[in-house]
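Work through the exercises below with the sequence and the 3D view open. Each task is followed by a solution in steps.

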Amino acid sequence: MRPELDLGPEPGPEPTLTVGELHAAVRRILAPRFNRRAWVRGEVRDLNEHGRSGHLYFTLCEPGRGRRGRDATLRAACWSTTWTAVRRSLRRAGVALADGNEVRVGGRIELNDSAQLTFVVEVVDVDALVGRLARARAELCTALREEGLWDANRSLPLSPLPLRIGLVGAPGSQGFADFRGALEASGFGFSVTVAPAVVQGPQAPASIASAFRALRVAHERGVGLDLVVAIRGGGSKSDLAPFDSEIVARALAASPVPVWTGVGHTDDRSVADELAHHCFPTPTALAHGLVTVVSEADAAVAARARRVTRAAHGLLSAARDTVGAHQRHLRSTGRAAVRAEHRRVVHESLRVEQAARAALVRADAGVGARTAALAPSRVLAALGRADARVASQALAVRNRSRAALRMAGSEVERRRVALAGLDPKRILELGYSLTRRDDGALVREASALRPGDTLVTQFARGTTRSRVVEEST
């Protein structure tokens with residue numbers, strides 16, 4: 001039989017109880033019904049660990065099972081002495097209490113002086129909680145696969161030179177400091193945009209998801225992130241439970257840029273790790289992985305630059321050889337043309353001179369033989385005609401010599417213009433360069449180089465020295 005309130009003998013006036021008497025009566029009714037540990041199952045809400053006392057307070061809820069379809073709720077508390085042991089058992093199992101968990105807890109009912117019914121938790125069914133969390137994780141993973149979100153982030157292309165980083169983490173934490181320190185020590189020009197987040201405790205899932213969304217908005221507004229990283233220092237498996245939450249998983253999957261995680265554990269992977277483009281065991285390992293990617297990109301760029309330089313050197317060397325050959329040919333051809341024209345001019349001059357002398361001799365002989373017959377005016381006319389022929393021949397020789405020299409000059413100018421287009425200086429102005437060994441020998445191919453060789457690279461303006469650190473492959 002259920003215990004009833006003792007309201008006094010019947011009939012008679014209705015009994016009047018004080019508040020304390022009513023509380024005592026209710027406690028007497030509850031005592032025999034809950035004279036041993038009771039077990040209650042419900043969903044955890046409003047989880048709050050009191051910082052000063054160490055007590056844990058939360059609400060147990062059964063959605064829709066209250067009066068008129070409202071939620072049925074029960075105030076619950078786990079005193080600090082009990083909570084320490086319960087928390088230790090949860091950590092050993094790798095789980096944690098969090099809002100939204102369905103739990104089975106054992107304890108006793110208390111009615112305080114404000115008439116509030118409190119369930120004082122003495123033990124938590126850890127095995128049931130582990131099973132429910134594993135089932136919830138499996139259901140979340142299945143849902144993400146069915147929605148096409150499981151591989152969404154991994155399918156995003158990673159920038160070949162990821163220097164603009166979005167960081168989800170807790171500023172001031174050791175993991176945060178380790179990550180930033182490793183990037184700064186690398187010497188590369190990383191630019192880090194920080195989205196602060198709480199990474200442990202009941203507020204962590206919402207805070208982490210909010211940080212992911214903030215970085216997404218920053219990226220879409222022009223920050224232009226290459227990579228987002230989510231980091232957290234070391235901790236127990238239960239401390240990392242936020243990275244198994246659905247809200248974090250969906251925020252990560254919605255990121256428009258690749259996400260790398262480094263959340264401080266090596267024994268297994270969180271849902272966030274599974275969804276991420278790449279995951280690392282610690283923030284420091286993530287930073288080193290990022291530095292490695294940038295180092296490899298830097299080395300690849302340097303290798304391409306060396307290949308371009310070698311190709312440019314080959315082109316410049318061939319052009320120099322061609323220019324030299326043309327220069328030698330022009331000098332030889334020009335000199336030969338001038339010498340030939342000089343010989344022809346001399347020959348013509350001698351021929352004219354000889355013809356003039358012969359004409360003078362004939363004229364003189366004619367004058368002596370025909371002195372009586374010829375008048376002085378005719379002698380002078382003959383001499384004038386001879387002199388005119390000599391002058392005409394000399395003028396023709398000069399004109400032909402000048403014409404020949406002009407033709408030779410035009411040819412030289414044409415070839416000079418052609419050679420100017422092949423001038424190595426113009427090729428250098430286009431962005432190419434020449435590389436020589438320290439002894440001045442031109443480097444034509446990478447296989448001729450050995451580690452330790454000193455190189456001198458000539459640009460359009462200035463030179464630089466470098467040293468070979470590895471053989472070409």
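**Exercise 1.** How much space lies in the largest cavity?

Solution. The model is a predicted one: local features need pLDDT of at least 70, side-chain atom pairs count only at pLDDT 80 or more, and totals for chains, interfaces and linings use all residues. Residues are numbered from 1 along each chain as its sequence is written, and side-chain values use heavy atoms, with hydrogens and water left out.

Step 1. Grid points are joined across faces, edges and corners, and a volume is the space filled by probe spheres set on the points.

Step 2. One cavity of 30 Å³ or more is counted. The largest cavity holds about 40 Å³.

**Exercise 2.** Find which residues line the largest cavity, and which helix gives the largest share.

Solution. Step 1. The lining consists of F212, L215, R216, H219, L225, V228, S255, P256 and V257.

Step 1. Helix α5 (residues 204–223) gives the largest share, four residues. Helices (H or I, at least four residues) and strands (E, at least two) are DSSP runs, numbered from the N terminus.

Step 2. By class there are six nonpolar, two polar and one charged residues in this lining. Ala, Val, Leu, Ile, Met, Phe, Trp, Tyr, Cys and Pro count as nonpolar, Asp, Glu, Lys and Arg as charged, and the others, Gly among them, as polar.

**Exercise 3.** Is S255 buried or exposed, and what does S255 touch?

Solution. Step 1. S255 sits in the loop between α6 and β9.

Step 1. S255 counts as buried because its relative accessible area is 10%; buried means under 20%, exposed over 50%, and partly exposed in between (1.4 Å probe, protein chains only).

Step 2. Apart from neighbours within four places in sequence, S255 is in contact (heavy atoms within 4.5 Å) with N153, L156 and V228.

**Exercise 4.** Describe the second largest pocket by volume and lining.

Solution. Step 1. Its volume is about 570 Å³.

Step 1. The second largest pocket has 24 lining residues, with R306, R307, R310, L449 and L455 nearest its centre.

Step 2. α8 (283–369), β12 (454–458) and β13 (463–467) each supply at least two lining residues; the largest share, seven residues, comes from α8.

Step 3. The classes are nine nonpolar, nine polar and six charged residues.

**Exercise 5.** Where does pLDDT stay under 50?

Solution. Step 1. pLDDT is the predictor's confidence in each residue, from 0 to 100. The protein chain averages 83, and 87% of the residues score at least 70.

Step 1. Residues 1–5 stay under 50, and the model gives them four contacts beyond four places in sequence. Where pLDDT is low, the predicted coordinates should not be read in detail.

Conventions
On a 1 Å grid over the protein atoms alone, a cavity is a set of points where a 1.4 Å probe fits but cannot get out, and a pocket is an open set with protein on both sides within 12 Å along at least five of seven lines; lining residues have an atom within 4 Å of a point.
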